[in-house]
Amino acid sequence: MAYGLNHYLVDKPLRDTLKYFMSREPELAGLGEFVGRELYELAYRVDRMSWPVHVMWSVRGERSDTVLLDPSLRQAVDRLLYEFGVNKPPYIGGSWHEHFASINLVGDPGVACILTITMQTAYALWKYGGDSVRGYYRRLAGLERPPMLGATWFTEIQGGSDLGANATIARRGGDGVWLLTGYKYFASGAGLADIALVTARTEGAPAGAKGLSLFAVPRLRRGGGLNFSVRRLKDKSGTIAVPTGEVELQDSEAYLLGEAEKGIYYTLEDLMISRIANSAGAVGVARKAYLEAYNYANHRRAFGKRIIEHPLVRRDLLEMEVLIEESLALTHKTVDLFERSTGDRPPYSATYHYARLMTHIAKNMTAQAAARVTMLAMELFGGIGFLREYAVERWHREALITPIWEGTSNIQALDMLEAIWKKGAYKPLLEDLRALASEAYDKELASRAVATAEETIKRLASMSPSQAEFNAKYILEDLGHASSTVILENMAAVLGEERYHTVAEIVYKSLLQRKPVYNPGEERLGEIIALQ
């Protein structure tokens, strides 16, 4: 039902969101055509019958540790990097909005992950890499051939999201090279990556997260031969396109990025890219499920009429679309802030801390929305929605990774508290919301949303640390819904589109005030759920 559509041209809210934040609409129709047909077919085939294969040994009896992808998948990744230039914009005078909108359009989390970890690696090498590794970034960004892929290997079995528990050790070698020994437990891109970002603790560094440094680890040693080994690939519920394995480092040659004692700050900065990509990808998965559901609802007949004519079905479609449009607003607001802060280095500016705060909010909110939207879409199909032969089943399965990847929802909520308390990031948030509300389509509604955000911060300040942690997700949701209400009202004014006022009204009444789904009236409801 979504197959064969141009996923960019049918998505008016995405195009409008980009116009609002960029003051122009980027040329993404070619990518929209590709993802709606060729990539749709390919991602389905890979998920069902063409999983990556780990080749441990070569025919010569030497360790190979390569991963074989479906040839069409490898070709598609190369096309995305070079023909469609998904990772190029920030490096050629373009915008991060174009990059993350492309991740949205790709939608498939496995394919998007390959692109994202490559972009993360390019960014870190471009910003913090020395002469030995900085040149890699141009091939990672798709600016030069032959192609290269990157990876980010931070997670260890004993720590998970607790990076401070990492046990990988780095000791000095010669000629500026470090030697790393340790074990990375969730290593996406294992067997594919030409160079990876790896966290490790230098000998004598303090315990905890502040003792970590960030390194670049090439696949091959300077004299040839593998620089690390892949122990196995994980058997996963979804994200099949990207191989995820366990990587063993044994005196692996590595290059220090930036200053050793600032590694945790570089790592968290780099994680902002993957967390925003997680948000964009979550919106993309939700949109694909919505396209499946909307078109099916126009086709399927029950009780004497098309099911889209039944009020309950229209109500579900409205809820789905509102969650998607709220998620778009939060994601690209975060992109906007990140774009403004990319020149920052530790110690960071208030703009960076505001971007980080919004990253935690957007990552959580969009992941929840993706899980909800894909579930409703699957339910709308009835029994056939549970069958693996139809796309909507896979989109729900894929959506379930988004609250887990790049730090679980609990981690995002805790990091949000840290950004508010220790960095004072709520101050630029509230200042920004007040400024946007003063030029909103419905200034009264926007002002009420700002007041709710202010009250939420006051309520948080009155809590003990344990109370704040217990309520952190509620705080995050309230700030997210209040922010999206104001952004959408400002979008309505700037674009002259009453539609976004209607969506803001529903967000405010149904999500922020937690009342039943607000019915905006049949005419406006029909306009919203029809997308175009």
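Which residues lie nearest the centre of the largest pocket? Good morning, colleagues; I shall answer that after a word on the model. This is a predicted model, in which local features need pLDDT of at least 70 and side-chain atom pairs count only at pLDDT 80 or more, while totals for chains, interfaces and linings use all residues. Residues are numbered from 1 along each chain as its sequence is written, and side-chain values use heavy atoms, with hydrogens and water left out.

Now to the answer. Ser 161, Leu 163, Leu 271, Arg 275 and Gly 407 lie nearest the centre of the largest pocket, which 50 residues line. A pocket here is an open set of points on a 1 Å grid over the protein atoms alone, where a 1.4 Å probe fits, with protein on both sides within 12 Å along at least five of seven lines; lining residues have an atom within 4 Å of a point. Its volume, the space filled by probe spheres set on the points, is about 1500 Å³. Helix α8 gives the most to this lining, with five residues; helices are DSSP runs of H or I with at least four residues, and strands are runs of E with at least two. The largest pocket lies between domain 2 (150-260) and domain 3 (265-529), because both give residues to its lining. Those domain bounds come from an automatic or database domain assignment.

The second largest pocket holds about 230 Å³ of space. Its lining has 13 residues, with Leu 323, Gln 368, Glu 477, His 481 and Leu 511 nearest the centre. The elements giving two or more residues to that lining are α9, α10, α16 (472-495) and α17.

Finally, some backbone details. Most residues other than glycine have a negative phi, and most peptide bonds are trans. Cis peptide bonds join Arg 145 to Pro 146 and Pro 346 to Pro 347. Thr 239, in the loop between β8 (229-233) and β9 (244-256), has a positive phi near 50°. At 5% relative accessibility, Thr 239 counts as buried.

Key:
Buried < 20%, exposed > 50% of the residue type's maximum accessible area, 1.4 Å probe, protein only.
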